Amino acid sequence: MGDQAANVLPVLRPHCPEKVLFCIDLCDDMNSMELSRAGDGDFQTRMDHLKSAVELFVRTKAKLDSRHEYGICILQETSTWFLTFTSNVELFVEKLRTLSVKGDFKKFEMASLFDTIVAKKVLPDVTDRSGSIPYLVRMIFIYGRSAVIPNEERLQNRTHPVIAHPAFYYDALYLHEKPSDTNNPQAVYDFITSFEPDEQLQKFSFFFECSSNVARLYKNMAVLLAHARQRKHQTLHGSGLDYLIKTPL
């Protein structure tokens with residue numbers, strides 16, 4: 001009985017608050033104008049559209065539950081913590097709007113992202129197995145490089161203690177160029193989606209990609225609104241936004 005009790009995890013309730021961490025790539029590729037609104041002549045950059053979509057996400061989710069918090073981590077060659085978690089939507093939007101591309105980075109150290117989360121001590125303590133976990137942390141990894149596969153040198157079998165934490169969720173949105181002789185977006189996407197969710201704990205990751213269709217970007221962000229503890233496996237969510245109508249947020 002003692003061993004059984006030791007293996008029981010504290011409860012992560014379906015309506016607990018989310019701390020959503022947007023990990024945003026600042027590489028030059030994010031200045032691409034491949035994303036465009038059909039017919040209206042709007043040729044904003046990929047970064048412009050992303051910031052608008054993230055702002056809409058946060059404003060909408062805050063109306064659904066004011067307890068949710070939002071933070072920002074920026075990606076260059078390594079990750080850097082940019083904005084600590086806050087439920088102040090206006091502060092978040094103000095900081096989000098200051099983001100701009102910073103250079104043509106030829107590598108990204110994926111382990112640095114998980115190390116940053118550890119250093120900031122944002123994951124809840126799960127050593128007290130008698131109660132419920134107060135919140136979950138959901139990372140939305142937003143990557144924009146079509147020719148740079150993230151470095152996995154310090155990730156043994158693409159695992160990390162953060163990934164195994166019962167209150168950590170990993171989603172990803174990949175914004176890429178169309179395949180060519182000088183890039184390999186499929187290989188990048190394969191890497192991004194290789195971090196397997198723990199289905200025993202009902203920890204389902206959502207992965208999306210977008211090349212040139214801005215409507216698809218906004219649709220993907222809309223689907224990501226769903227609370228990580230209230231959504232089904234991605235393959236079951238359907239092909240349209242009817243999923244959001246049928247699923248509580």
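Which residue lies over the face of Tyr135? Lys19 does, at 4.7 Å from the ring centre (a charge sits over a ring if NZ of Lys or CZ of Arg is within 6 Å of the ring centre and within 35 degrees of the ring normal). This is a predicted model, where local features need pLDDT of at least 70, side-chain atom pairs count only at pLDDT 80 or more, and totals for chains, interfaces and linings use all residues. Residues are numbered from 1 along each chain as its sequence is written, and side-chain values use heavy atoms, leaving out hydrogens and water.

**Rings**

- Arg231 lies over the face of Phe206, at 4.2 Å from the ring centre.
- There are 13 aromatic pairs in the structure (rings of Phe, Tyr and Trp, the last by its six-membered ring, pair if their centres lie within 6.5 Å; planes under 30 degrees apart count as stacked, over 60 as edge-to-face and the rest as tilted).
- Tyr170 and Phe207 form an edge-to-face pair, because their ring centres are 5.7 Å apart and their planes stand at 65 degrees.
- Tyr170 sits in strand S5 (residues 168-175) and Phe207 in strand S6 (residues 207-210), 37 residues apart (strands are DSSP runs of E, at least two residues, and helices runs of H or I, at least four, numbered from the N terminus).
- Both Tyr170 and Phe207 are buried (under 20% relative accessible area, with a 1.4 Å probe and protein chains only).

**Sheet**

- An open sheet of 6 strands runs in the order S3-S2-S1-S4-S5-S6, with mixed pairing (two strands pair if DSSP finds at least two bridges between them).
- Strand S3 (79-86) and S6 stand at the edges with a single partner strand each, so one side of each has no neighbour in the sheet.
- Strand S2 (residues 69-75) pairs with S3 in the antiparallel sense over 5 bridges.

Note on methods
Buried < 20%, exposed > 50% of the residue type's maximum accessible area, 1.4 Å probe, protein only.
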